[in-house]
Amino acid sequence: MKSPDLICDHTCPRDCELLNEAVRREQQIALLYDNLSTKCDYPDVRRFLGELAAEEKLVAQRILDAVNRMCTSFDPAGC
């Protein structure tokens, strides 16, 4: 997967382009797995895709939680 030109410009972590892109991609992957699971009629595959989707959603949430933690301690003078 080709990455777009992303720049880390040390603004507030809530506006971090890199972390926002990571969240966006994790959410897209989760949606893909959810969509694939609805098209499958094999129970084991459907369940596995559902588990993968749930894991990707957790990863996206972990990134958002990290952003929120960083925002509480963000010091723009330290960049």
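Biologist: Why is Ser37 counted as buried?

Modeller: Ser37 has 9% relative accessibility. Buried means under 20% relative accessible area, exposed means over 50%, and partly exposed is in between (1.4 Å probe, protein chains only). The value of 9% is under the cut-off, so Ser37 counts as buried. This is a predicted model: local features need pLDDT of at least 70, side-chain atom pairs count only at pLDDT 80 or more, and totals for chains, interfaces and linings use all residues. Residues are numbered from 1 along each chain as its sequence is written, and side-chain values use heavy atoms, with hydrogens and water left out.

Biologist: What does Ser37 touch, leaving out residues up to four places away in sequence?

Modeller: Ser37 touches Arg46, Leu49 and Gly50. Contact here means heavy atoms within 4.5 Å.

Biologist: What makes the pair of Ser37 and Asp34 a polar contact?

Modeller: A polar atom of the Ser37 side chain lies 2.8 Å from the backbone oxygen of Asp34. A polar contact is a pair of N or O atoms within 3.5 Å; within protein, one must be able to donate a hydrogen and the other to accept it, and residues adjacent in sequence count only if both atoms are side-chain atoms. The distance of 2.8 Å is within that limit.

Biologist: Where does Ser37 sit?

Modeller: Ser37 is in helix 1. Helices (H or I, at least four residues) and strands (E, at least two) are DSSP runs, numbered from the N terminus. The protein chain has two helices and zero strands.

Biologist: How do you know that the span of helix 1 agrees with its length?

Modeller: The expected span of a helix is 1.5 Å times one less than its number of residues. Helix 1 covers residues 17–39, which is 23 residues, so it should span 33 Å. Its end C-alpha atoms are 33 Å apart, which agrees. Helix 2 passes too: its 30 residues should span 44 Å, and its end C-alpha atoms are 44 Å apart.

Biologist: Which residues of helix 1 are buried, and what covers them?

Modeller: The buried residues are Glu21, Val23, Arg25, Glu26, Ala30 and Ser37. Their cover includes helix 2 (43–72). In helix 2, the buried residues include Leu49, Leu52, Ala53 and Ile63. Helix 1 is part of what covers the buried residues of helix 2.

Biologist: What makes Glu21 and Arg24 a salt bridge?

Modeller: A salt bridge is a side-chain nitrogen of Lys or Arg within 4 Å of a carboxyl oxygen of Asp or Glu. Glu21 and Arg24 meet at 2.4 Å, N to O, so they qualify. They are three residues apart in helix 1, about one helical turn. An α-helix has 3.6 residues a turn, so residues three or four places apart point the same way. Glu21 is buried at 12%, whereas Arg24 is partly exposed at 36%. Glu21, Arg24 and Arg25 are linked in a network of salt bridges.

Biologist: How many salt bridges does the structure hold?

Modeller: The structure holds four. One of them pairs the side chains of Lys57 and Asp34, at 2.9 Å, N to O. Lys57 lies in helix 2 and Asp34 in helix 1, so this pair ties together parts that are 23 residues apart in sequence.

Biologist: Why are Lys57 and Asp34 called partly exposed?

Modeller: Lys57 has a relative accessible area of 45%, and Asp34 has 24%. Both values fall between 20% and 50%, so both residues are partly exposed.

Biologist: What makes Asp44 and Arg47 a salt bridge?

Modeller: Their closest N and O atoms are 2.6 Å apart, within the limit for a salt bridge. They sit three residues apart in helix 2, about one helical turn. Asp44 is partly exposed at 44%, and Arg47 is partly exposed at 47%.

Biologist: Why is Asp5 called exposed?

Modeller: Asp5 has a relative accessible area of 72%. That is over 50%, so Asp5 is exposed. Asp5 lies in the segment before helix 1. Its C-alpha atom is 9.9 Å from that of Leu18, which is 13 residues away along the chain.

Biologist: What share of the protein chain is buried?

Modeller: Buried residues make up 23% of its 79 residues. Of the contacts with a separation of 6 or more, 54% join residues 24 or more positions apart.
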